[in-house]
Amino acid sequence: MLDFSRNHFELFGLPASYTLDSERLDRAYRNLQAEIHPDKFAHAGEAEQRLAMQWATRVNEAYQTLRRPFERADYLLQLRGIHAMDAKNTSMPMDFLVQQMEWREQLEDAKTTRDVAVLERLEKNLRGEARDYQARLAEEIDLRRNDSLAAETLRKLRFTDKLLAEVGAAYEDME
Amino acid sequence: MALLQISEPGQSTAPHQHRLAVGIDLGTTNSLVATVRNGVSVVLNDAHGHGLLPSVVRYLKEGSTSVGHAAQAQASEDPHNTILSAKRFMGRGIKDIPDLSTLPYKFVDEPGMVRIRTVAGVKSPVEISSEILKVLKARAEASLGGELVGAVITVPAYFDDAQRQATKDAARLAGLNVLRLLNEPTAAAIAYGLDNAAEGIYAVYDLGGGTFDISILKLTRGVFEVLATNGDSALGGDDFDRRIYCWVLEQAKVHTLSDRDKTLLMARAREAKETLSEHASARITVVLSTGEVVDLSLAEDAFNEMTASLVNKTLLPMRRALRDAGLTAEEVKGVVMVGGSTRIPRIQAAVGEFFGEGGKCTPLTNLDPDKVVSLGAAIQANVLAGNKGGDDWLLLDVVPLSLGLETMGGLTEKIIPRNATIPTARAQEFTTYKDGQTAMSIHVVQGERELVADCRSLARFELRGIPPMVAGAARIRVTFQVDADGLLSVSARELGTGVESHIAVKPSYGLGDDEVARMLRDSYAHAQDDMAARNLAEAKVDGRRLVDASEAALKENGAALLDEAERGQVEKLLASLRLALDGDDLVAVKRATEALNQGTVEFAARRMDLSVKKALTGQRLDALEL
């Protein structure tokens, strides 16, 4: 039956770390799909077809989790028993929140004035911020193994990712 | 570059046993059928040498139909009974059709999908499309000299679940075994990519008669990975025709037209558009039923001006697709142009400008834009049918529109985001709103908007039997599963008691199974066919396929994966299925098939595990090489 005891990293034969060889991940993903994708079983028996769909679904989920920095870090912390996104972990440092509010104001302004330049500047800042958090996660998870610090950084990255998604939506509304 | 070696599990076909499979492009304006013959994908022509079958169905009084060129020629003589562009109505309600006034049909507003009243009765778009598919099926069987194992049917990438389901129903109604629903731009990418051994990021710009798709793909060593898709399922060449049509009305100061004249003028408008792809101006001459003569000349510049907003409408989805893929236009290596409408010079120029500011990205038009989709579909059909050769590539496609649920306040909660690679599944937990609530109504929607009212409603169902608890205490897990055809099924489960409810998303916009069954009965009654014989034939096809697959599996690794007793058990079930297949007892065939299916579950699981192990070992070797 489906072997759920293997974690996402094991599934792709990768070490369980935040820093990840993305080419190796891509290659392992493609190799697995090449073996188990439903297209390879379109003429097989019912049981194999069903298993192929379950396996391909599982492999897709694992790949989408590992290739995205936020999801990968969150998953890795969960493997270590840390649920960084639990609803009770909501307190954030004041200076961080002030910065978030400033950015939100910029976003709202850009939306009302339909100013693409403001939006682009904001996006650039947010991307820089996200990159900083990602670098910090690599250090906190892989080197210092300080999970509670990493959990806080992850929550900050969540804020930034959400804002970036809203910036994307704002672009679409302006088009 | 050497492709990775991938063996095919369950491969059973000896080279001489070529299984007949086709790819069908069921288009808004034209439809085609293609197959792989001697390793080459070719479009199958009719007896007159035509590859394109106009997607036109005419219903005649005595109950027969005419499809294609003959029907098209009669369109203006019999406008109410001659249906063009039925694809635009698939899975659509009457309120979804934007240009009712220019259409001569007698629409019947029915819940879910619109119907059209004809001289032969009220017809659904599914039935109309199935008439086109029946003609293509007959053409293929005549040309290939045997019964088809199955077909890959293409759909616009931006088709939602209701439109996909309607397409699959039409194929079933036409007696086709659907191997896969394949997205049109993806099919084009297969045909193009395999033909040119392409590598890198490619875009497919597909502007058909009634739909527009843009897909961004990454081609890596035989893997076609769709990164993002976007589009407009109500934008196509028909809209360009309609701009000309309206322009003519305005110029000629004609206000009301008979239905005959509407159809005639639309045909002239289309001809003028086609002329303008080759010439600087086009003449439009129509003699109206009133005797009035309309005679106008349309210049290319004027045409470009009146259709500029339509061309621009295609740029927006392109920007969105690129953003979703996390790419810029400069990173796209080539743009494959698909669909007859991409012959319009202004469109080629606009696409060239969009992607190639440095002029390095010219639109690729070396494959016939009308045929490329069917050619790609045939290649996929050949692989899915289990024919050897050309199976060392893989397709990874995505779901085009987000899928979600209605939550309190009429808001959408997205469960599966757009551009998730399929097959995919996602689960989310919900809870009750009131104390003692014992049922929960689940409303499944598709679309990007926050308000449910702005999304497409796919289905509603109820989970009953939740034990009464205080509000917020029950935990209901809702799971969305999208299969490799891009079709959704939803299940809900109360986690405390395990009360479960499951649906394949169909009822509100697709046709119910009973409705398809009724249509099938009707069509057989008409054709003097025998429903029971058909059922038996279908069951036997399924049974034989399972025999083939099981024999191949046993041969490949029966000895390695099963002990003697297990192998004996599978052999025994195989023997009884073979015996049943020799007879004509439907129930016996079905029972023996089911028994073998059940009896090979464990074997299948072991074979899958072996495949996974193989993939991982392959990956390590592969990593060592680099």
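A polar contact here is a pair of N or O atoms within 3.5 Å; within protein, one must be able to donate a hydrogen and the other to accept it, and residues adjacent in sequence count only if both atoms are side-chain atoms. With that in hand, chain A and chain B have nine residue pairs in polar contact between them, both residues at pLDDT 80 or more.

A word on the ground rules: this is a predicted model, in which local features need pLDDT of at least 70 and side-chain atom pairs count only at pLDDT 80 or more, while totals for chains, interfaces and linings use all residues. Residues are numbered from 1 along each chain as its sequence is written, chains are lettered from A and ligands numbered from 1 in the order in which they are written, and side-chain values use heavy atoms, with hydrogens and water left out.

Which parts of chain A face chain B? Helices α1 (8–11), α2 (22–36), α3 (46–67) and α7 (147–174) of chain A each supply at least two residues to the side that touches chain B. The largest share comes from α3(A), with 14 residues. Helices (H or I, at least four residues) and strands (E, at least two) are DSSP runs, numbered from the N terminus. By residue type, this side of chain A holds 20 nonpolar, 11 polar and 14 charged residues, where Ala, Val, Leu, Ile, Met, Phe, Trp, Tyr, Cys and Pro count as nonpolar, Asp, Glu, Lys and Arg as charged, and the others, Gly among them, as polar.

Taking both partners together, 45 residues of chain A are in contact (heavy atoms within 4.5 Å) with 61 residues of chain B. The two chains bury about 4600 Å² between them, 55% of it on carbon and sulfur atoms; this is the accessible area (1.4 Å probe) lost on being put together, summed over both. There are two salt bridges between the chains, a salt bridge being a side-chain nitrogen of Lys or Arg within 4 Å of a carboxyl oxygen of Asp or Glu. One of them joins Arg607(B) and Glu48(A), at 3.3 Å from N to O.

Now for the backbone. Most residues other than glycine have a negative phi, and most peptide bonds are trans. Arg145(A), however, has a positive phi of about 50° and sits in the loop between α6 (116–143) and α7 of chain A. In chain B, Arg221(B) also has a positive phi, near 40°, in the loop between β14 (212–220) and β15 (223–232). Finally, the peptide bond from Ile422(B) to Pro423(B) is cis, with omega near 0°, and Pro423(B) lies in the loop between β22 (411–416) and β23 (424–430) of chain B.
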